[in-house]
Amino acid sequence: MEEFIRQITEQIRCVRVREYVAKELRDHITDQAAAYEEKGASHDEAVRKAVQEMGDPVEVGMELDRIHRPQTDYVMVGMAFLFSLGGMFVLYLTGGLSEASTEFARQCICLLLSFGVMAGIYFLDYTIIGRYPFAIAALTAVFFVIAVGAPIMAWHDGRVPETHILAYLYVPVFAGILYRLRGKGYGAVTAAMAVEVAMAVLIRGLATMHTAAAVYGMCLVLLLLAIRKGWFAVRKGVASALAVGVLVVLPLGLAAAGLFLSWNSEDSFRVARLRAYLNPEQYAAGAGYIYQYIRQQLGAARFIGASDLNASMEAGSMAGFAIYRSEPFILLHLVCRYGILAGSLVVLAFAAVIAHAFRIVRRQKNQLGFMVSVACFMVLLVNCAEGILINTGYYPVTSMQFPFISYGVGAPVTYAVMIGLLLSIYRNEKTIAESVAAHRPSWRLSIKLEKR
Amino acid sequence: MSIDKSLISGSTSMLLLRLLEEKDMYGYEMIDTLEKKSNNVFTLKAGTLYPLLHSLEDRNYLTSYESEAGGKMRKYYSITKEGRKYLQSRKEEWQEYQAAVLSVLWVGA
């Protein structure tokens, strides 16, 4: 019997599926043999007959191999390469890289590095996130602290290095932690909440409040999804209310109280920024000028070609030159210099990647694959949406980096990890079997009406 | 009684889905039940069954989970909403086909 099963599984190229198929077939042969034995056959005879019933092992194995083949998402691979190169072109066009050739070379190295990271993650089995999430979380923390902490220590001027975008790596890691806690009760939900808060505190400590809040929000969505999907042995309503109550209502209440108390004091820069966002006209001379500036620029933009304001901008004679050159406004810069069409193309590229990521999410039957793909999808969606809103003046200005059109090493690597994970999930869609179903009711009630 | 194979293979997935419509089953159980219900006409080989089940699962018509039965962990299959829809359309197709065959075979008889 074992020889027969080995012959079948040898046909299956994906090693991971083999054991899983072997177990099912072994169970079947045992059942079938037991049935023959009951009918009076000897044990050996029964097993032999049961094996014979299976048919040709090579044929069966090839058929199973066809079903459980790893697959490549060529569309996503194509988009990643095309848009990364296109992104380099945009960086070049907007002038950030053209002045110093060393900078251009450096950015090329960052891009190559990001391709390496993407390929590495793609070929690595993503389920390792579900198996060793705590070890990976700890490693990520060390990596994050070094990547962000080292420049902070060196600069000593309160600036936050661009590498802080690496904080988003915690979102898929959190999906793995949730997966690991699956099947347990309220203790697990509490533990997940504690991990989420700890992550946010770490990120807040080293990076910006905004990044911490974004990661925190995404992790909360994942937690609520896990509860809804029945990952925990809890009452869904109670657990969701607990999570939202402790993680959202409580801190929001505290923040609202703090804001109320400090609204009229000028010393909090966050309050000042918020007030400027809400009433830009009132603060046109101060912190609100940025929103005025964005509106002015967009208003003057042409469909194709440079706007009238562009020339004076380039000469640096107008206020707001600093913004023009700052990273989050790369899209605005592109629109002013080359027209609305160029900006729209970039936005379309983002939309295509996000829509494709969403399709990958929708396809996932595997629980871990689903959760990790949701995590990656959210990181892409939130950053792109935020960036576009910032560039159009609809969102409080904050530091952010777009996929594909960012300087430095942090953003390319972070987004490469997300896209690499999505590719890996797609690749293994048909090769990873869920070994144990999560929390499934053990009985089923059915009522049948029959006509007499 | 032996029946032309191509007639059976095309409709096997329909029969399996029909079985699973009533309750979740594991592989051997399906073969056994099918044999009994069809008075031994349909003796499905395991070598045909499992690739078929896996491809139905791949197409989202079935889901599987492990559960204990008779002291053994077994892989159970369960029909999905999409699977039910697919079964319904296959049934209608089959009915049409069968009616057409009958009317041709016994025309005027």
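User: Where does A:Ala200 lie?

Analyst: This is a predicted model, in which local features need pLDDT of at least 70 and side-chain atom pairs count only at pLDDT 80 or more, while totals for chains, interfaces and linings use all residues. Residues are numbered from 1 along each chain as its sequence is written, with chains lettered from A and ligands numbered from 1 in the order in which they are written. Helices (H or I, at least four residues) and strands (E, at least two) are DSSP runs, numbered from the N terminus. A:Ala200 sits in helix α10 of chain A, residues 186–206.

User: Is A:Ala200 buried or exposed, and why?

Analyst: A residue is buried if 20 or more other C-beta atoms lie within 10 Å of its own, exposed if 12 or fewer, and partly exposed in between; C-beta atoms are placed from the backbone. A:Ala200 counts as buried because it has 24 C-beta neighbours inside 10 Å.

User: Which residues is A:Ala200 in contact with, leaving aside its neighbours within four places in sequence?

Analyst: Two residues are in contact if their C-beta atoms, placed from the backbone, lie within 7 Å. With that exclusion, A:Ala200 is in contact with A:Ala212, A:Val215 and A:Tyr216. Under the same exclusion, the contacts of A:Val215 include A:Ala167, A:Tyr168, A:Met199 and A:Ile203.

User: How many residues has the largest nonpolar core?

Analyst: A nonpolar core is a set of buried Ala, Val, Leu, Ile, Met, Phe, Trp, Tyr and Cys residues joined through C-beta atoms within 7 Å. The largest has 99 residues, and A:Val215, A:Leu178 and A:Leu422 are among those with the most contacts inside it. Another core, of 35 residues, lies apart from it; A:Val17, A:Ala50, A:Met54 and B:Leu49 are among its members.

User: How many helices and strands does chain A have?

Analyst: Chain A has 20 helices and zero strands. Of its 452 residues, 38% are buried.

User: What span does helix α20 of chain A reach?

Analyst: The expected span of a helix is 1.5 Å times one less than its number of residues. Helix α20 of chain A (residues 410–427) has 18 residues and reaches 25 Å from first C-alpha to last, close to the 26 Å expected. α20(A) is mostly covered, with 17 of its 18 residues buried.

User: Where does A:Phe404 lie?

Analyst: A:Phe404 is in the loop between α19 (367–391) and α20 of chain A. A:Phe404 has a positive phi of about 70 degrees although it is not a glycine. Its 26 C-beta neighbours inside 10 Å are why A:Phe404 counts as buried.

User: Where is B:Asn60, and is it buried or partly exposed?

Analyst: B:Asn60 belongs to the loop between α3 (46–58) and β2 (62–69) of chain B. B:Asn60 also has a positive phi, of about 75 degrees, without being a glycine. B:Asn60 counts as partly exposed because it has 14 C-beta neighbours inside 10 Å.

User: How many residues of chain A are in contact with chain B?

Analyst: 19 residues of chain A are in contact with 16 residues of chain B. The largest share of the chain A side, six residues, comes from α2(A).

User: What average pLDDT does chain B have?

Analyst: pLDDT is the predictor's confidence in each residue, from 0 to 100. Chain B averages 82, and 89% of the residues score at least 70. Over residues 1–6 of chain B the pLDDT is below 50. The model scores ipTM 0.79 and pTM 0.79.
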